[in-house]
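Dear colleague,

I am passing on the structure that we discussed, and it is shown just below.

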Amino acid sequence: MARRTVPVIMDEQALLGLNPNADACYRQRALAYFEQLKESQDAWEVCAEALAKGIYSDDHVKFFCFQVLEHQIKYRHGALSALQQQLIRETLMKWLQSQLMNIHPEKPFIRNKAAQVLALTFVRDYLTLWPKFFFDILSLIGLNPHGVDIYLRTLMAIDAEVVDRDIQHSPEETRRNTLIKDSMREQCIPSLVESWFQILQAYQQSHSELTCQCLEVVGAYVSWIDLNLIANDRFVNVLLSHMSMEDLREEACDCLYEIVNKGMDPVDKTKLVESLCQVLQSAGFFNVEQEEDVDFLAKFSRLVNGMGQSLVLSWTKLSKVGDVKVAAETLRALEAKVPLLLQLLVHEDDDISANIVGFCYDYLHVLKQLPLLTDQQKANIEAIMLAVIKKLTYDDEYNFENEGEDEAMFVEYRKQLKMLLDRLAQVSPELLLESVRRVFNNTMQSWQTAPFMEVEVAIRLLYMLGEALPASHGAHFSGDNAKVNTLQDMMRTLITSGVSEYQHSSVSLEFFETVVRYDKFFIVEPQHIASVLMAFLDHRGLRHASPKVRSRVAYLFSRFVKTLHKHMNAFIEDILSRIQDLLELAPPENGFPALLTSDDQLFMFETAGVLIVNAESPAERKQALMRSLLMPLTDAFRMLLAKLPEEADEERQTALADCLSHAVGFASRTSKAFSNKQTVKQCGCSEVYLDCLQIFLPALSCPVQRGSLRSAVRSFLHRMIICLEEEVLPFIPAASEHMLKDCEPKDLQEFIPLISQITAKFKGQVSPFLQQVFMPLVVAIFEVLGRPAEENDQTAALEKQMLRRSYFTFIQTVTGSGMNEVMANQGAENIERVLFTIIQGAVDFPDPIAQKTCFIILSKLVELWGGKDGLVGFPDFIYKHIVPACFMAPLKPTFDLSDAQTVLTLSECALTLKMIHLKRVSPEITQELCQVLQQPDSKVVRNYMKAFFQQAKL
């Protein structure tokens, strides 16, 4: 077919920039050239000519040419003329032909890109312009290895474009892909399957890479083509022969897995799996112990898992439809695989074991549904249980102090085993309990000489029973006597055996985790509390050699004390004395690492607070204990705060500020022991916290490190509002004034919740203060929002969005707390300014969370001020701004009605209109208006409307 020829003249200077090592200016030029060729109507044709004639030998230029073609097919195919579309097809076939004559194949990245371009062309042209796509390629390449390689890569690229379920497609693309598959089934699939068979036979000895590619193609396509084309003697025999070839066996396993996984009738699926199993067993593949290749066994385990899960699915379907006879046959087939399952599950390689867990889990689910278990099924359950217990055990190579990727994978594998253990508990809780008891007791009898991994897993199993055998609110020690007695015996053994002295971090951690999981045991047997407390407090726990253990124990100790403080009265002052050095504020200049990090110390201070508050001491003693706990913090705070402004070095400044923040944070954490003001007063601690507040507040006016200091003091104020209530109010005005000076968005964003908390809690009590601070706060917010920021600065944009939300939440709190006088007394100009910000928030910013809040505010304001005795001028504002906002917001293109938050916004918008209707329009007038609008006489309508609006303005 004749067409206009385009001379092959490419910008050689620009092509130099394609080399990854080229200078930036050349790379920039190459990028510009790429854009030019992409967008031009015909300049891209030079790339087609270059590929067809093999003009360039540079790999980067070839790749570039394919990229240009790819863009034309992907984005401009419809705009290309018929000649240009044919040019692309001819170019690809000429390039493919040239590959057949090359001594060496192209680099893999070029072959992959060529396959992608061929696949894209196929998707666009196969149904209409190129129905003989596959026949043309197959007749061209024959069995040439370079050609076969491109053919197989193209098939995988077509799979990605047309079949792959992980790739999102539009409804139109899905329809097109369905048509392509239907057409392929009718026209060419048998030919493709024949080509795959020929490739597998021809290259299985000489080209293992091509054979593996072909097996991957078969595995990918088998899910949607006629299975009989693949699941037949000649194909299966070839696949089985590959299973015995070292280079092919893993890919052959994957291919068989895909065949087994194909959706089909349950009876047919059972027959397929059984026939495959017989062949594999006859060929000796079930003799797992004799196989040394762990990579192959991991693939084989996955195949067995697929076969097992397929049988489970068939049994489930057959049982549902009531086909008892065939379901029983399927169950027998399923049970026959259990010995193989057990061999793979217990294999020393965790990947092999992990790949069979799915089948094991599903098999246990089948047993759970059976009314009665046979002796063999019970034996299977016990065997699985022992396998799980064995596989839970750490190996010698696990690095506890520096956990890497291997360790993370084992932790994930352990989670899978835990799922099996939980399932075992559902099938046979008595058997699980007895198995764990036996392993635990045997290990505890000789823990001094046992390897750490055996001791750890024995305690771990006891710990895991807590979830496997669930109890309401952790009440493991009431109810079923057999279970209670067994658990109680094991817990008693754990504590009295002395195993807490075992010198390995994993055993230490497991001991404390288990003690805390079963903390209710100590309510039943409180005599053991003292010995466990000592373990927490000495070298076994908080003073352990491992920082990881100390850190976790600090948290666990906090939980232990919270549950059992009522039983610790006799030990409280002894505990406080023993942990005193752990409650010291680590000075910034101290080069020695502290036993606990500041995060761990937070738990320690909370624990100390809980012990003091819940002690059976008089209020004076509690006050003295709390003061002695907090005084070192306040003394250090005073001294460090005096130092901070004088420190010139920024690193030292940061260290001092961190230390000051920790002091405030620790004091704040002690207050978590109080539930409300009443408990603070009862303990005589109000004065102690008020003293802290007076010492901490000057930090707000510190000229340096404002952000971290303000954040710490703000958090303390939040807690004090809960603990001291109105006693805190005298401190709020001065604190607010300092916090509103030189604000950053984050400062304001964190300050607003504090003001909202005060507003919601004290309402009318703080009305004068709020009236005073309202406009300065609004001005500060909009000064920060008005600051210019870089267009692409996502962080700044997010900060502003969060600040805007906080502002609207604050207005909502004020209006919703019955304090409309706060806004009403700001003066007409300021009120209008605030009202416009709310309208703007409701309409202009595409943030449904903020918009929803704005409509809630508007609805509330209409309720408060929309009546006859409301705010002067507000009815006018309703008609001019609020009503239009209720229509403008939902009509915005950014108002996405498929988004759940936006739907909630729409609901609030509708409620706002309903409130306007309620406050401004009577039902009679609405009905009257609707009737008048139906009048044919326009003069009647005009007169009525005039009277209507005169009335509405009153």
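This is a predicted model: local features need pLDDT of at least 70, side-chain atom pairs count only at pLDDT 80 or more; totals for chains, interfaces and linings use all residues.

A disulfide is taken here as a pair of cysteine sulfur atoms within 2.5 Å, and the structure holds zero of them. Cysteine 854 is likewise in no disulfide, since the nearest cysteine sulfur, which belongs to cysteine 886, is 12 Å away.

Residues are numbered from 1 along each chain as its sequence is written, and side-chain values use heavy atoms, with hydrogens and water left out.

With a salt bridge defined as a side-chain nitrogen of Lys or Arg within 4 Å of a carboxyl oxygen of Asp or Glu, the count comes to 49 salt bridges. One of them joins arginine 89 to aspartate 125, with the closest N and O atoms 3.0 Å apart. Because arginine 89 lies in helix H5 (residues 82-101) and aspartate 125 in helix H6 (residues 108-125), this pair ties together parts that are 36 residues apart in sequence. Both partners are buried, arginine 89 at 13% relative accessibility and aspartate 125 at 1%. Helices here are DSSP runs of H or I with at least four residues, and they are numbered from the N terminus.

Other pairs sit within one helix. Lysine 325 forms a salt bridge with glutamate 329 at 3.3 Å between the closest N and O atoms, and the two are four residues apart in helix H16 (residues 324-336), about one helical turn. Lysine 325 is exposed at 61%, whereas glutamate 329 is partly exposed at 36%. In helix H31 (residues 619-643), arginine 638 and aspartate 635 are three residues apart, again about one turn, and their closest N and O atoms are 3.6 Å apart in a salt bridge; aspartate 635 is partly exposed at 38%. Salt bridges also link Asp59, Lys62, Glu106 and Lys107 in a network.

Finally, there is a negative surface patch, formed by Asp395, Asp396, Glu397, Glu405 and Asp406. Such a charged patch is made of residues with over 30% relative accessible area and no salt bridge, like charges being joined within 9 Å. Glutamate 397 lies in the loop between helix H20 (375-391) and helix H21 (405-427), and it is exposed at 69% relative accessibility. Glutamate 401 has its place in the loop between H20 and H21 and is exposed at 55%; its C-alpha atom is separated by 29 Å from that of aspartate 422, 21 residues apart along the chain.

Key: Patches are made of residues with over 30% relative accessible area and no salt bridge: like charges are joined within 9 Å, nonpolar side chains (Val, Leu, Ile, Met, Phe, Trp, Tyr) within 5 Å. Accessible areas come from the Shrake-Rupley method with a 1.4 Å probe; for residues, only the protein chains shown count as cover. Lys and Arg count as positive and Asp and Glu as negative; His and the chain ends are not counted. The place of a charge is taken as NZ of Lys, CZ of Arg, CG of Asp or CD of Glu. Buried means under 20% relative accessible area, exposed over 50%, partly exposed in between (1.4 Å probe, protein chains only).
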